[in-house]
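Please work through each task before reading its solution.

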Amino acid sequence: MSFSNLGLSDKVLAAVAATGYTIPTPIQEKAIPHVLARRDVLGIAQTGTGKTAAFVLPMLTLLEKGRARARMPRTLILEPTRELAAQVKENFDKYGAGQKLNVALLIGGVSFGDQDTKLMRGVDVLIATPGRLLDHTERGGLLLTGVELLVIDEADRMLDMGFIPDIERICKLVPFTRQTLFFTATMPPEIRRITETFLHNPEKVEVSKPASTATTVTQSQVSVGREPHEKREMLRQLLRDAKDLKNAIIFCNRKRDVAVVYKSLQKHGFSVGALHGDMDQSARTASLDQFRKGELPLLVASDVAARGLDIPEVSHVFNFDVPHHPDDYVHRIGRTGRAGRLGTAISIVSPADQKSVAAIEKLIGQSIARADVVPVASTEASPAREQQAERATEDRKPRRDSQRTRGGRNKSRKPEGADRKPHAAEKPAQSQAPSIGRAMPPPAREQHAEPGDHSHLPAFLLRPVRARG
Ligand code: AMP
């Protein structure tokens, strides 16, 4: 099957050819003809299946005819997070380059005034998060009565985030006769109810079983004790030991922990960014851009911020915490092993996480292999000293350089790297660095004030660390 058999317009086919895609993914193959036939579609597909193009491409074809009127968008796409909304806009920019369409984003963190000016000019495609959209309709600056096509994307995530009442309100503001495309990775009862209420005789298109995990992802779990520092030690060790690690997302359950893990990794010389819902929009975008471009190989993230992000070729996913909702596990590890590539997902499991692991194993219908990783720091150095060092480097606010030299940093970091023997599976930095090549920064020794301090780290995970405070 090729794209040319799906009924897409010549302009859209040319745009697809320009991206280099030659074969539609299963969701594209199944959904696009129904969308073009103006049918409602219920798409059950995870992110990573190519589902964005499954609605963007036929929408571009349909939008070639007709014109937008002021304050009355022709099509509306609802996304649960700002990042996903921005990503869908990028898809329109990419595939719709040859068309003069007005595509507007209505997301939080951006001024109302600018958004209002765009709406006034007339919008062909409006991509919005539910809250901001309703703010605009309530202010009277936006009429949804001209919407011919509504897309509700990542519906199960909308449910997790408490957006379902907003979605119901929005569905009542758009014309009854509109076409609706509804995408979800799973079908919990509440989502089923919504589809029964708001879709008209939909074509059901399913590309993988709900909550199934890709066979290209190697999943494992490692056990740690109750103390929070044990997870951080284990994470560092896993990062150092990881084979073929190009880039990784490290998931935490809480925003607070995203910040703690981010700071901890940064202090230990890793090159890392962070992504969570409390960061302002520009900081979120900057982190994501740096990660996408490979400038930061590690990203610590919360579920809400990372859901559905289009980050190609993530080699590793680490669950710093096991997610409370088993569905989130499927979504998290769906960041790796995409489009048939190999991926690795490792969960760090404390006694408090055991219950969540059991729920995940039940959902995915398989057990997650237990890997035996002996925590180097707490066995080879004196545990008390290690713990003290951990606290000195991670739990406190960054201190002045003078203090650091005297008490905390030098002493605390030395036992961890320099005094211990390398872990059995740990390669010396020299043998790891060449696979990454010259694009990576010079070895740690040239960049850090403390020679040898990070020499056990793969070079590509090192960037100059600027001391703050
Ligand atoms: P999505 O599921 O929409 O997040 O898409 C996942 C990734 O697949 C994105 O990086 C897309 O650019 C890519 N993609 C979409 N359609 C195709 C295709 N037909 N062939 C190869 N890659 C694709």
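**Exercise 1.** In which sense do β10 and β11 pair, and over how many bridges?

*Solution.* The model is predicted, so local features need pLDDT of at least 70 and side-chain atom pairs count only at pLDDT 80 or more, while totals for chains, interfaces and linings use all residues. Residues are numbered from 1 along each chain as its sequence is written, and side-chain values use heavy atoms, without hydrogens and water. Strands (E, at least two residues) and helices (H or I, at least four) are DSSP runs numbered from the N terminus; two strands pair if DSSP finds at least two bridges between them. β10 and β11 pair in the parallel sense over four bridges. Within this pairing, A274 has V300 of β11 as its bridge partner. From β10 the chain passes through helix α12 (residues 281–293) to β11, a right-handed β-α-β crossover (clockwise from the first strand over the helix to the second, with the strands pointing away from the viewer).

**Exercise 2.** Determine whether the residues of β11 are buried or exposed.

*Solution.* Buried means under 20% relative accessible area, exposed over 50%, and partly exposed in between, with a 1.4 Å probe and protein chains only. L298, V300 and S302 point one way, L299 and A301 the other, and all are buried. Because five of the five residues of β11 are buried, β11 is largely enclosed by the rest of the structure.
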